[in-house]
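This report covers a pocket, a surface patch and the helices that contribute to them.

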Amino acid sequence: MQQKEIDEILTYLNEKFDENIPSFVKILISKKIHKLQSFNPDSLPDSLKHCTVEELIVLLQQELESKRLKL
């Protein structure tokens, strides 16, 4: 991945994270982010390795709504 692409992704995520999110919610999210920092990508199941970002987002939305995913 090129640096330009990385910068574009980071800018997008930073803007989304900054939009109308109360500081209390940001604190909670930050605590979960620490788990991501120690996450080993090699431990991902094949189904997740081959999943597109769009598919993952839709899956997360559906499963959060159905309460099957516990974050």
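## Pocket and patch

Tyr 12, Leu 13, Lys 16, Phe 17, Ile 21, Ile 29, Val 53 and Ile 57 line the second largest pocket. The model is predicted: local features need pLDDT of at least 70, side-chain atom pairs count only at pLDDT 80 or more, and totals for chains, interfaces and linings use all residues. Residues are numbered from 1 along each chain as its sequence is written, and side-chain values use heavy atoms, with hydrogens and water left out.

A pocket is an open set of points on a 1 Å grid over the protein atoms alone, where a 1.4 Å probe fits, with protein on both sides within 12 Å along at least five of seven lines; lining residues have an atom within 4 Å of a point. The space in the second largest pocket is about 350 Å³. Helix 1 provides the largest share of its lining, four residues, and helix 4 also supplies at least two.

A nonpolar surface patch of about 710 Å² comprises Phe 17, Phe 24, Val 25, Leu 28, Ile 29, Ile 33, Leu 36 and Phe 39. Patch residues have over 30% relative accessible area and no salt bridge, and nonpolar side chains are joined within 5 Å. Helix 2 gives the most to this patch.

| Element | Contribution |
|---|---|
| Helix 1 (3–18) | four residues of the pocket lining |
| Helix 2 (23–37) | six residues of the nonpolar patch |

Phe 39 lies in the loop between helix 2 and helix 3.

Methods
Patches are made of residues with over 30% relative accessible area and no salt bridge: like charges are joined within 9 Å, nonpolar side chains (Val, Leu, Ile, Met, Phe, Trp, Tyr) within 5 Å. Accessible areas come from the Shrake-Rupley method with a 1.4 Å probe; for residues, only the protein chains shown count as cover. A salt bridge is a side-chain nitrogen of Lys or Arg within 4 Å of a carboxyl oxygen of Asp or Glu. Grid points are joined across faces, edges and corners, and a volume is the space filled by probe spheres set on the points.
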